[in-house]
Amino acid sequence: MLTRPIVVGADGSEESLHAVEWACAEAARRKVPLRIVSVSPAPSRAGAAEDSPRTVDAALRDIYAQTLTTMAEFAASMAPGIAVETELLSGAPGQVLARDASGALMLVAGAFGFGGDGEMRAGPVSRYVGSHATCTVVVVRDQGRTVHGEILVAVRDPAEAAAAFRFAFEEAALRGARVLAVHAWHWRPASALESPAAHDGADSPYGRGLTRVLTAPLRHPDMRAQSAQAAARLAEALHDWQQRYPRVPASPKVIHG
């Protein structure tokens, strides 16, 4: 069976350099191939300048091709033992990366990147692949070389969080880290609402055909009981995963907010 690669998007920005650096280290840690993909924007309507036979699209592809070469050399220096392949594709970056990584172990992207018009944008590609890619997506920020010893997994419903728990514990086991499982809940008090409603009688003090409708405010829940119940469910789910990964320290945390 072929080993699934880690795919990383590279557009020449400093952010994508951080992503490639992180992906290199991850590929070396997991002993899997690294695939670096650069996506040239879809063909534009701009033609060649009068004094140049080259089109704008051709020039852009050359720039992205050079980016791939530079990133491949960087990856080879960072992790000499891993297999590195590169490919230049074209189209909408988010869509192309999500499609290309359909069979990947994970897809890595920078927190920021450049749009098709050359302007730096806050995360359009990472937001798209995060919600459309079928594999695990990692969005890399520049955190230097700081080593973090904790993996936080956000749990909405412990009964439906198996995939999140599995990923968190696998990563913790791989990195020698601990797991913190967090569940947040909140209660919003309902205020009395007033609205007109149809009324057959003509004696309403609020006008003919109208009556006053009040909705009773909800009873305030016992917050300590609510938190205790949520904590018990979270602890039970966490215990099951600690049984599978006994060497991974883990703790639950329930917060209101």
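Predicted model: local features only at pLDDT ≥ 70, side-chain atom pairs only at ≥ 80, totals over all residues.

Modeller: Local features need pLDDT of at least 70, side-chain atom pairs count only at pLDDT 80 or more, totals for chains, interfaces and linings use all residues, and side-chain values use heavy atoms, with hydrogens and water left out.

Buried means under 20% relative accessible area, exposed means over 50%, and partly exposed is in between, with a 1.4 Å probe and protein chains only. The protein has six helices and 12 strands. These are DSSP runs, numbered from the N terminus: H or I of at least four residues for helices, E of at least two for strands. Take the contacts (heavy atoms within 4.5 Å) with a separation of 6 or more: 72% of them join residues 24 or more positions apart.

Now α1. The helix runs over residues 14–30. It has 17 residues and reaches 25 Å from first C-alpha to last. That is close to the 24 Å expected at 1.5 Å a residue; the expected span is 1.5 Å times one less than the number of residues. The buried residues of α1 are Glu-15, Ser-16, His-18, Ala-19, Val-20, Ala-23, Cys-24, Glu-26 and Ala-27. An α-helix has 3.6 residues a turn, so residues three or four places apart point the same way.

Next, the partner helix. Two packed helices are described by the angle between their axes and the distance between the axes. The axes of α1 and α5 (residues 162–175) come within 11 Å and cross at roughly 80°. Axes here are lines fitted to C-alpha atoms, for helices over the stretch in contact, and angles run from 0 to 180 degrees between N-to-C directions. α1 and α5 are therefore roughly perpendicular to each other.

Take Glu-171, in helix α5. Glu-171 counts as buried, at 6% relative accessibility. Setting aside residues up to four places away in sequence, Glu-171 touches Glu-26, Arg-30 and Ile-151. Val-248 sits in the loop between α6 (223–244) and β12 (250–256) and is buried at 5% relative accessibility.

Val-108 lies in strand β4 (residues 106–110) and is buried, at 0% relative accessibility. Its C-alpha is 6.6 Å from that of Ala-23, although 85 residues separate them in sequence. Beyond its neighbours within four places, the contacts of Val-108 include Ala-19, Trp-22 and Ala-23, along with Val-138 and Val-140.

Where α1 stops, Lys-31 follows, with a positive phi near 60°. Lys-31 is not glycine. This residue lies in the loop between α1 and β2 and is exposed, with a relative accessible area of 71%. The C-alpha of Ile-82 is 6.9 Å from that of Lys-31, yet the two are 51 residues apart along the chain. Ile-82 belongs to the loop between α2 (56–78) and β3 (84–90). Its relative accessible area is 14%, which is buried. Outside four places in sequence, Ile-82 touches Cys-24, Ala-27, Ala-28, Val-32 and Leu-34.

Last, the cysteines. Cys-24 is buried at 1% relative accessibility, and Cys-135 is buried at 13%. The structure holds zero disulfides, counting a pair of cysteine sulfur atoms within 2.5 Å as one.

Notes: Residues numbered from 1 in each chain as written. Parallel < 35°, antiparallel > 145°, perpendicular 65-115°, else oblique.
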